[in-house]
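Colleague: I am new to reading protein models, and I would like to learn with an example on the screen. Could you walk me through one?

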Amino acid sequence: MRRDIEAKVSVVGAGYVGLTTAACLAHLGHRVCCADVDVAKVERLNQGKPGIVEEGLSELIQEGLASGRLSFVLGAANAVAASQFVFLCVPTPRRDDGSADVSALEDVAAEISSHLEPGCVVVNKSTVPVGSTLLVERCLGRQDVVVVSNPEFLREGSAVHDCLHPDRVVVGADDQRAAASVGALFAGTGAPLIVTDAATAETIKYASNAFLAMKLSFVNSVSNLCEAVGADVRDVLLGMGYDHRIGFEYLRPGPGWGGSCLPKDTRALVYLASEAGYDFALLREAIASNDSQLQSVVAKVRAAAGGQLAGTTVAAWGLTFKARTDDRRESPAVEVIRCLVSEGAMIRAFDPTVAGVVPDLPGEVELATDAYQACKGSTVLVVLTEWDEFRWLDFAQVRESMASPNVVDARNLLDPAALRRLGFNYKGMGRQ
Ligand SMILES: NC(=O)c1ccc[n+]([C@@H]2O[C@H](COP(=O)([O-])OP(=O)(O)OC[C@H]3O[C@@H](n4cnc5c(N)ncnc54)[C@H](O)[C@@H]3O)[C@@H](O)[C@H]2O)c1
């Protein structure tokens, strides 16, 4: 990886995106100061501890701290002084009406305005509705500062890899020099640079996430179709994926898409399209189809339990919205568990990233210390997150500990033939 001319950069928000961006920019040779409002987080980061599960992040943070190119401070105003570039990576959560809440962005802009160096470039990396670059400009109220849009496409679980090897870097700005200078920060990654106006860059981000959500909803629909007609979804998807126009990425059925991005970004796009006078019916249907996918997993567990869940003990493997991350925001696993609890099931859950109290789970849910313990005395085991380690467990021991050997594999993670040989009743997604 090429090292670039050192730039002075600050990053506001040390979450999944901000922390990864800060650590990677320091690795690319820049001098980076990263700010957050969370005192405990800043202290932990200064000790080299990321506090989130993300492959390779800990090593990059320690490398950055050791080289002196990466530092962490409390409060955005303390980070931005003397910066040539200021990245905004704060949350843009979903409001009740589906729109994106950009108040954190407005607050940060107001907070840093008087601390910015003349000529500095403010880079918005948060996912925001079209028009937000102009909004940040207005909040800053500085004629001598340029604001550009630089949407982020990293995937949690491979955030460092995606940040250092992006498929593309998108920069939206009217000021071509500012756009080129932001692109140059990432020159070491060798990624293609796409320069657009701000509204187009903001739309690229939402359109990309909406497309991925629709692809996932489509695959889940194909999986349901396979069940109805007696086809095997694995082979159907294999046959589809070799077509380069389709590809293999995002071609796995599951309990529905979730996480901190797709649910909020799809709703935000439906909202902003509707505000602009366009009914994005296709996307609305993808969202509705995702909601019913959760219910199809609940129905499978109910059927495996003999038609009703009240008083049934269910073992749940996985709580995060996907494997290789500790993120449970809008996790389908948690949503399925909530539905099962509401029907009276008793849940014993295990996830490799979770220990102690889990505030987002219903109080009735018991947390197991390992996958085997979760299964003790259970009538159904439901696999909700595709953690690889679940595949290699001793299923004879699992069967022994269960009251009835029923498995609902919402991720098609396990080997149906091997489980059936051990006496399990196995139900996967879109296959016999
Ligand atoms: N998580 C992803 O996979 C991903 C991918 C692409 C884009 N995005 C977008 O990036 C943005 C950030 O997402 P995230 O997942 O990193 O969020 P996050 O919740 O993990 O992190 C946000 C951080 O910002 C901090 N913060 C909030 N207000 C602040 C302020 N005034 N000053 C300093 N710090 C402040 C919070 O304490 C938190 O640590 C969102 O708009 C999101 O949609 C996220």
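Colleague: Which residues are buried in helix 11?

Modeller: Two notes before we start. This is a predicted model, so local features need pLDDT of at least 70, side-chain atom pairs count only at pLDDT 80 or more, and totals for chains, interfaces and linings use all residues. Residues are numbered from 1 along each chain as its sequence is written.
Now to burial: a residue is buried if 20 or more other C-beta atoms lie within 10 Å of its own, exposed if 12 or fewer, and partly exposed in between, with C-beta atoms placed from the backbone. Helices (H or I, at least four residues) and strands (E, at least two) are DSSP runs, numbered from the N terminus. In helix 11, the buried residues are Leu262, Pro263, Lys264, Asp265, Thr266, Ala268, Leu269, Val270 and Leu272.

Colleague: What covers the buried residues of helix 11?

Modeller: The cover includes helix 9 (198-229) and helix 12 (281-304). For contact, the C-beta atoms of two residues, placed from the backbone, must lie within 7 Å.

Colleague: Where do the buried residues of helix 3 fall, seen down its axis?

Modeller: Start with the general idea. An α-helix has 3.6 residues a turn, so residues three or four places apart point the same way. In helix 3 (residues 57-67), the buried residues are Leu57, Leu60, Ile61 and Gly64. Seen down the axis of helix 3, they fall within an arc of 100°, so they line one face of the helix. That arc is taken from the directions between the helix axis and the C-beta atoms. Among the elements that cover the buried residues of helix 3 are helix 1 (16-27), helix 2 (39-46), strand 3 (70-74) and helix 7 (159-164).

Colleague: How do I read a pair of packed helices, and at what angle do helix 9 and helix 12 cross?

Modeller: Two packed helices are described by the angle between their axes and the distance between the axes. The axes of helix 9 and helix 12 come within 9 Å and cross at roughly 50°. That makes helix 9 oblique to helix 12. Axes are lines fitted to C-alpha atoms, for helices over the stretch in contact, and angles run from 0 to 180 degrees between N-to-C directions. Under 35 degrees is roughly parallel, over 145 roughly antiparallel, 65 to 115 roughly perpendicular, and the rest oblique.

Colleague: Is the crossing of helix 9 and helix 12 left-handed or right-handed?

Modeller: The crossing of helix 9 and helix 12 is left-handed. The term means that the near helix is turned anticlockwise from the far one by less than a right angle, and right-handed means clockwise. Helix 12 also crosses helix 13 (residues 332-342) at roughly 50°, with axes that come within 10 Å. The crossing of helix 12 and helix 13 is right-handed. Residues of helix 12 including Leu294 and Val298 meet residues of helix 13, among them Val336 and Leu340.

Colleague: What is the phi of Glu330?

Modeller: Most residues other than glycine have a negative phi, and most peptide bonds are trans. Glu330 is not a glycine, yet its phi is positive, about 50°. Glu330 sits in the loop between strand 9 (313-317) and helix 13. With 19 other C-beta atoms within 10 Å, Glu330 is partly exposed. Asn412 also has a positive phi, near 50°, and counts as buried with 20 C-beta neighbours inside 10 Å.
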